[in-house]
Amino acid sequence: QVQVVESGGGSVQTGGSLRLSCTASGNSTKFYNMGWYREIPQKQRELVAMMTSGGTTTYGDSVKGRFAMSRDAAKSTVTLQMDSLKAEDTAMYYCLLKTIERGAIRDYWGQGTQVTVSS
């Protein structure tokens with residue numbers, strides 16, 4: 001059974017920093033890509049950062065240069081360091097794990113963690 005659990009998040013003032021972590025458990029041989037999306041009420045979920053199994057990371061345009069994603073493959077954990085936070089970064093952040101099972105890609109989402117940035 002694959003599970004994805006996020007930690008971190010919280011409230012911070014504009015310009016501050018937060019760190020999110022996400023740990024996946026289960027059959028790690030199936031793990032493929034892993035990363036973060038965020039969701040604001042009334043809006044679509046948007047890409048924050050996604051790392052391939054090879055270590056290549058893609059960032060959403062709105063966070064480039066401010067957010068950095070890292071990985072501890074041995075622990076099946078990814079971390080999102082968020083610096084220079086802005087009010088518009090306020091959202092629910094979700095960790096996404098993609099696995100390959102029998103040739104098919106499956107998505108596993110975490111429960112979400114709230115990030116609130118205020119002035």
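A residue is described as partly exposed when its relative accessible area lies between the buried range, under 20%, and the exposed range, over 50%. In this predicted model, Asp107 has a relative accessible area of 38% and is therefore partly exposed. Asp107 forms a salt bridge with Lys98, with the closest N and O atoms 2.9 Å apart. Lys98 is likewise assigned to the partly exposed class, at 22% relative accessibility.

Side chains of opposite charge can pair when their charged atoms come close. In total, seven salt bridges were counted in the model. One of these joins Arg38 to Glu46, where the closest N and O atoms are separated by 2.5 Å. Arg38 has a relative accessible area of 4% and is therefore buried, whereas Glu46, at 31%, is partly exposed. Both residues belong to a network of salt bridges that also includes Arg66 and Asp89. A further salt bridge is found between the side chains of Asp61 and Lys64, with an N to O distance of 3.1 Å. Asp61 is exposed, its relative accessibility being 66%.

Strand E7, comprising residues 67-72, runs antiparallel to strand E8, comprising residues 77-82, and the two are joined by six bridges. Within this pairing, Ser70 is positioned opposite Thr79 of E8. The two strands, E7 and E8, form a hairpin in which four residues lie between them. In the turn of this hairpin, Ser76 adopts a positive phi of about 50°.

Terms used:
Residues are numbered from 1 along each chain as its sequence is written. This is a predicted model: local features need pLDDT of at least 70, side-chain atom pairs count only at pLDDT 80 or more; totals for chains, interfaces and linings use all residues. Side-chain values use heavy atoms; hydrogens and water are left out. Two strands pair if DSSP finds at least two bridges between them. A salt bridge is a side-chain nitrogen of Lys or Arg within 4 Å of a carboxyl oxygen of Asp or Glu. Buried means under 20% relative accessible area, exposed over 50%, partly exposed in between (1.4 Å probe, protein chains only).
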